[in-house]
Amino acid sequence: MITLKINGDVRELDIDPTTPILWVVRENLGLSGTKFGCGIAQCGACTLHLNGAPIRSCVTPVQAADGQEITTIEGVTAGQDGLHPLQQAWIDEQVPQCGYCQSGQLMSAVALLARNDDPTDADIDLAMSGNICRCGTYGRIRKGIKRAAATMNAATEVPTNG
Amino acid sequence: MGKWTRRAFITTGVLAGGAVVFGVAIRRGNPVHKVSEFMASENETMLNVWLKIGADNSTTIIVPHAEMGQGVHTTVAMMLADELDADWEGVTVVEAPAHEEYANYALARGFMAGDIEFPEMLVDTVNGFFLMATQSMGLQITGGSTSVQYTGELAMRVGGASARAVLLAAAAEKWNVNVSELQTEKSHVIHSPSARRAPYAEFAADAATLSQSPVPVLKSSDQFRIMGTSVPRVDVPAKVDGTASFGIDADLPGMKYATVMAAPVFGSVVVDIDTDSVADMPGVRKVVNLDDAVAVIADGYWVAKKALDRLGITWSETDNAGREQSDIFDQFAGALDSANENGDNNDDFAAGNVNDGFAAAEQIVEAEYRVPYLAHATMEPMNCTAWMRDDQCELWLGTQNPLGFGMEVATALDIEAENVIVHNQYLGGGFGRRAFGDVAVQAARIAADVSYPVKLIWSREEDMRHDHYRQASISRFKAGIDSAGRPTAWLNQYVEKHDPEDAPHIPYNIENQLIHFADSASHVPWGFWRSVDHSLHGFFKESFVDELAVAAGKDPYEYRRELLEENPRFRDVLDLAAKKADWGSPLPKNVGRGIAITRSFGTIVAQVVEAEIVDGGPRARRVVCAVDAGFAMHPDGMAAQMESGIIYGLTAALYGDISIHRGAVAQSNFHDYKMLRMSEAPHIETHIINSGERTGGAGEPATPAIAPALANAIFDATGVRIRELPMSNTVFPDESLESKDVA
């Protein structure tokens with residue numbers, strides 16, 4: 001048996017432990033927001049978080065996640081109402097086109113902003129170059145990340161008596 | 001009625017001009033009652049087949065095209081909503097079902113057979129423009145950048161305006177006032193003299209009984225309220241929270257999973273399958289022989305894939321198995337040579353006499369260019385879910401051609417076309433690939449073997465190796481230029497013509513022209529690839545005209561400008577791109593600037609690229625794009641399509657290379673068929689001209705210009721002229737990378 005903490009829920013699964021997390025999430029848990037793109041960790045469409053870190057779920061066997069926490073696009077708001085600031089920024093910048101890669105793009109971006117609240121262009125290049133977009137939305141993704149960073153920083157600014 | 005070939009279908013758009021078109025949106029008898037049965041619920045009234053109004057005064061717009069990221073569900077719906085004077089906030093968009101009132105089976109059968117007998121009921125006049133319009137809607141095909149040009153202009157606007165007219169008539173009747181005293185605003189009818197204002201819903205039932213005009217008065221552009229604005233796209237919210245349902249996300253009760261391997265060498269078939277190795281594998285359900293492919297059905301994709309990899313499959317040997325990419329290029333070169341020797345080139349375009357032009361020339365310039373095969377590599381690998389019950393087959397997938405796929409499946413299963421039901425989903429990229437029904441036929445044949453629904457998913461490797469590829473080609477040029485540098489003759493010979501017809505043609509004022517081609521078929525399957533033939537000819541033509549500018553000792557922008565003196569619409573687009581890019585201003589050391597201009601699918605695009613060599617390879621750092629599509633219905637959507645077309649073309653220019661080894665595609669995944677990534681993506685800016693000319697497309701026209709604009713920029717930076725794609729194969733000699741003086 002494999003135990004997964006997925007988007008806050010605990011699930012026990014009787015499955016082949018070598019099955020990549022991607023297929024467990026999509027086929028066994030019915031969470032289809034995480035996408036299959038290449039199967040060899042080249043495109044990033046399958047990106048989700050394992051204990052908060054972005055991983056390529058198409059090459060990570062589910063046994064590596066036994067007892068660990070997985071977050072997918074469906075759980076990115078962590079139970080809070082509304083959208084994650086990055087999701088809102090994606091709407092504001094009208095980022096997605098076909099949209100297929102965007103769950104993976106967002107999961108990479110969420111992880112980036114979680115560890116770096118003011119990323120430079122070079123930081124964004126580094127964090128996001130593992131995610132391919134065939135519709136060419138890179139410019140808008142860059143803008144979306146900067147917009148979301150600004151929103152998040154404004155929300156956490158400590159008011160001063162000035 | 002004339003017969004129309006498949007090529008005629010695709011190319012008739014270029015014949016369009018000034019025709020009075022009617023009857024597309026509002027067909028004789030306005031067959032709305034047939035549609036209402038299944039399209040409208042109790043609280044809704046259908047006004048015509050594209051439109052229903054709810055009791056809550058909401059508007060539902062029915063769009064006969066697939067959403068693949070181009071924003072079509074938003075843009076063409078805007079066109080109807082604007083003519084209707086609907087409240088955009090209350091608009092819902094749904095995709096038209098493959099029902100006979102939307103999808104014309106007779107037409108599709110003719111299309112699939114390669115010739116079309118046009119049913120009388122659909123048309124009052126048949127000309128190329130009309131045919132294209134009716135077919136792209138009636139066949140529900142999404143491709144050729146047609147949705148806004150044809151469906152939007154001819155169905156949606158007409159449908160919206162006609163519906164508004166009957167709503168007004170019904171209101172005038174009910175209020176007993178003159179219709180000329182009525183106005184409309186945000187889904188309300190207003191009678192100012194009596195200060196009355198009522199929602200459309202109040203008049204919808206009466207309006208539905210009135211006859212609608214096929215030739216309503218349309219708004220002029222200064223009356224637009226929604227067209228020309230960048231409303232948020234309707235499909236975006238579902239694409240940021242994981243809820244958007246693509247073909248691959250179909251989920252049915254009792255569904256199993258399958259994956260497939262087709263014969264690696266195109267043309268081979270299955271000789272033998274050794275299934276012993278998978279006999280005891282838990283979760284494996286069945287091995288299916290599809291003649292030219294083998295599929296495994298299992299409880300999950302992963303098990304199916306593991307089992308497929310273990311199978312021992314023997315494929316038939318064919319002559320194709322010895323073919324290498326170099327053989328194919330040798331064959332192309334041989335075909336060009338022999339067509340010249342035998343005088344049997346196919347004519348494409350001719351003007352004046354090129355021999356006279358060469359005789360008058362001071363200088364002769366010659367060049368040969370080559371491009372490779374290209375795969376589409378949509379992010380969502382090919383997939384289709386099929387469920388066969390009794391004699392009915394249901395399909396769930398993303399397709400650019402639901403009706404055509406249905407026809408193909410019906411033929412393969414030998415059932416009636418009406419018994420194939422296609423549930424179209426969001427497309428995870430199309431680019432032309434999802435116009436080919438191979439995966440649907442495979443899924444249907446697999447499902448026909450079992451009682452449960454089956455989701456067939458191709459591996460990325462299968463997707464890469466069994467695409468329908470953009471053709472490889474060779475193009476040879478010879479031009480004469482006079483003492484002033486002006487071209488006196490333009491001779492172009494190339495291999496393989498597909499569509500659109502005008503792709504090799506040039507906008508430049510050159511008196512003597514001969515453009516012709518040789519056929520040279522290969523065993524590699526051909527397919528529509530974003531901008532189709534423009535994707536190669538854009539590179540060929542705009543690279544060679546740049547070479548002429550260099551030979552003439554002129555600035556490449558000024559040179560093109562002079563040759564466009566009789567083509568002001570092109571010149572305006574070229575000028576805008578050059579101006580916005582600050583053409584002629586100093587650049588940093590080792591950075592070059594290049595320009596190119598193309599017209600495709602009714603839209604003119606000019607691009608200026610700033611480029612340099614980074615880590616031994618070309619890199620575009622900035623792209624300035626100017627576009628004239630007549631009128632940009634959704635300016636931000638237009639900009640998004642320019643960005644998208646540029647990145648798609650840039651990826652191909654830099655890296656795209658499908659090559660044949662032992663008869664099969666050598667590449668298999670993104671490690672050897674490289675994609676442009678975030679760190680290499682240029683800064684792109686788009687500038688729009690609304691010239692008021694006939695509306696053109698947006699999805700494809702940005703792709704053709706980027707490869708030549710980049711190649712021309714690299715020439716400017718290094719002095720190396722790139723005549724073969726992809727550019728990643730270009731070797732830059734050390735001296736080309738030495739610092740050049742800043743001008």
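**Close-up views of a predicted model**

**View 1. The hairpin of strands 1 and 2 in chain A.** In this predicted model, five bridges hold strand 1 (residues 2-6) of chain A and strand 2 of chain A in an antiparallel pairing. The two strands form a hairpin with two residues between them, and in the turn A:Asn7 has a positive phi of about 50°. Across the pairing, A:Ile6 stands opposite A:Asp9 of strand 2 of chain A.

**View 2. Helix 6 of chain B and its kink.** Helix 6 of chain B, formed by residues 147-175, has a kink of about 35° that is centred on B:Glu153. Of the 29 residues of helix 6 of chain B, 24 are buried, so this helix is largely enclosed by the rest of the structure. The residue that follows helix 6 of chain B is B:Asn176, and its phi is positive, near 55°.

**View 3. An open four-stranded sheet in chain B.** Four strands of chain B make up an open sheet with mixed pairing, in the order 22-23-24-27. Strand 22 (592-600) and strand 27 (683-689) of chain B each have a single partner strand and stand at the edges, so one side of each is left without a neighbour in the sheet. On average, and with direction ignored, neighbouring strands of this sheet are turned by 20° against each other.

**View 4. The pairing of strands 22 and 23 in chain B.** Strand 22 of chain B runs antiparallel to strand 23 (residues 603-614) of chain B, and nine bridges join them. Among the paired residues, B:Gly592 has B:Ala611 of strand 23 of chain B as its bridge partner.

Notes
Residues numbered from 1 in each chain as written. Chains lettered and ligands numbered in written order. Predicted model: local features only at pLDDT ≥ 70, side-chain atom pairs only at ≥ 80, totals over all residues. Bend = angle between axes of the 7 residues up to and from the residue. Buried ≥ 20, exposed ≤ 12 C-beta atoms within 10 Å, placed from the backbone. Pairing = 2+ DSSP bridges. Axes fitted to C-alpha atoms, helices over the stretch in contact; angles between N-to-C directions.
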